Amino acid sequence: MRVPRYSAWAIYRRLLEHARPYWPHIAGVCFLNLLAIPLKLLTPLPLKIAVDNAIGGEPLPGPLASLDTSQSLLLAAALVVGVALAALLNGLGIWLLHSYTGQKLVLGFRALLFHHVQRLSLGYHDTRGTTDSTYRIQYDAPAIQWIAIDGVIPFLGAVLTVAGMIGVIAAMDLTLAALALLIAPVLLALTHRWSRQLRDQWRHAKALESAAMGVVQETLGSLRLVKAFGQEQREQQRFVDHATREMRSQLRVAASQGTFDLLIGLTLAAGSALMLWVGVRHVQAGVLKLGELLMIWAYLAQFYGPLQMISSKITTLQGSMASAERAFALLDEVPEVQDKPDARPLERCQGRVRFESVGFAYRPNQPVLHRESFEVEPGMRVGVAGHTGAGKSTLMNLLTRFYDPSEGRILLDEVDLRDYRLDDLRKQFAIVLQEPVLFSSSIAENIAYARPEASMAQIIAAAKAANAHEFIAALPQGYDTMAGERGMMLSGGQRQRISLARAFLKDAPILILDEPTSAVDVHTEEAILEATQRLMRNRTTFMIAHRLSTLRGCDLLLVLENGRLVQARRDVEAALIELSAKRPAALEGVHS
């Protein structure tokens, strides 16, 4: 996925906007960081008192002038402990508030990204895959903390610290203060030059890291197939190839950062050498006292530290800026399917469906459905037949508005689907897929996924209606038994009956059955078919099947070929016999 480029100002502005609920917390972190500045300024003061007053015998200024050398030394020692204690308490406060604010910021940003990813249309996920979105939610979202708290706040603190240090040094020796500032333009030029390069390198590295993560997710998600074909070594090599490219990209980032740090260090060392030379000369000339030079030298270490941090922070933040770009690029993706501003509510539909010249294409100029029309009355059972790729699933995806038609329109109760609220529309459908989808939670929770507020009695009633209660009750923990990842702790037939129970519990007016018995044995198929007969009562039902024998009892048969509706017949039994005669091998079981 190509990531658009955002200016640094645009990223800061958007991050601060997302951080708006936590501005008071961020202000608190800023205040505590600012409070640390005078504590740093006080750190060299005991050394000056010890050298000039306790050792040199000079009187302290103001009301402390009466203190003798011993008392001056005691004061210096007390200041060391007092300043250290204040700094430690301040650091603890910063750490606690920083941790709380940072974690809340990341949680909120991740939740926002996750919500948006779920709203994006299936077409986006079909094209881009899920791994890259997962990476952005998990690994790019923390950029809001790295920039808003770990970046901006220390940066502002360092700027103010540098300003304070310059003021103190200038009060003692204006020449040394001017020399200290001479290196600032050099650092600024180096930072500007390297920050752009590092941001481009980080952007590339994160894309490669996401691709390597995609190999892991794809392989583990298809582990049974990998093991069945003995392709573990091949997948291992594929991962190593992607990870190696990502590692080389990271090494290029490290080399660039290391080179920048080296240049910054050399610049600061040159500035320190110049300051040392001039400072010693000033002491020799009597312009400065030795204690003042030592104090300036201590301040210089604290001055160059923040100055170096400012330059380094700007460059190290480029990785976070690249992450923020990726996160905002995901947020800026517009769902293809979304509500109209004046979308109308829908409580419970009657179930009348009409396709009017509906066409659809996943890609431009490659239609998979060609301007087809048909009508379904409320409570009608509709069989949908056709070879793989004929357009059966596309038909249902359009009906549930997973996609919008490229042309024509679909009416539900004489209203265009696009005029309904999307959430209300989806509540009108219960879907039982060929491969039922279960979550890594209990069986009861999987059934209640259709209605999370359902009582245990309602869950059990739905399971009984789906012929699932008997096998669930026989499990060690009954309805509390964990289904395992994707329901793999259960058999295919058990998963399908739980999926049926979920549809019973939802009690939607329109039912879509997508090959519900294609992968089960004969005994299980009988139980599922019996349950589906109950489930279809008083509901508009669309049943997709390759085996036409499962379509007996339907009121309307739709036959698709290459995206075209070649038959729409109400004399279903006769149509099944005719189709069986044309393709007996493919339509096994019609006469049974």
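Predicted model: local features only at pLDDT ≥ 70, side-chain atom pairs only at ≥ 80, totals over all residues.
**Helix α17 and selected residues**

Colleague: Why is α17 called oblique to α19?

Modeller: The axes of α17 (residues 456–465) and α19 (residues 492–506) come within 8 Å and cross at roughly 125 degrees. Axes are lines fitted to C-alpha atoms, for helices over the stretch in contact, and angles run from 0 to 180 degrees between N-to-C directions. Under 35 degrees counts as roughly parallel, over 145 as roughly antiparallel, 65 to 115 as roughly perpendicular and the rest as oblique. That makes α17 oblique to α19.

Colleague: Which residues of α17 and α19 meet?

Modeller: With contact meaning heavy atoms within 4.5 Å, Gln458, Ile459, Ala462, Ala463 and Ala465 in α17 meet Ala501, Phe504 and Leu505 in α19. By class, this contact has seven nonpolar, one polar and no charged residues. Ala, Val, Leu, Ile, Met, Phe, Trp, Tyr, Cys and Pro count as nonpolar, Asp, Glu, Lys and Arg as charged, and the others, Gly among them, as polar.

Colleague: How do you know that the buried residues of α17 line one face of the helix?

Modeller: Buried means under 20% relative accessible area, exposed over 50%, and partly exposed in between (1.4 Å probe, protein chains only). In α17 the buried residues are Ile459, Ala462, Ala463 and Ala465. Seen down the axis of α17, they fall within an arc of 160 degrees, so they line one face. The arc is that of the directions from the helix axis to the C-beta atoms.

Colleague: Why does glutamine 201 count as buried?

Modeller: Glutamine 201, in helix α10 (residues 184–221), has 18% relative accessibility and therefore counts as buried. Not counting residues up to four places away in sequence, glutamine 201 touches Ser249, Arg252, Val253 and Ser256.

Colleague: Does asparagine 562 count as buried or exposed, and why?

Modeller: Asparagine 562 is at 64% relative accessibility, so it counts as exposed. Asparagine 562 lies in the loop between β9 (556–561) and β10 (564–569), and its phi is near 50 degrees, a positive value in a residue other than glycine.

Terms used: Residues numbered from 1 in each chain as written. Heavy atoms only, no water. Helix = DSSP H or I, 4+ residues; strand = E, 2+ residues; numbered from the N terminus.
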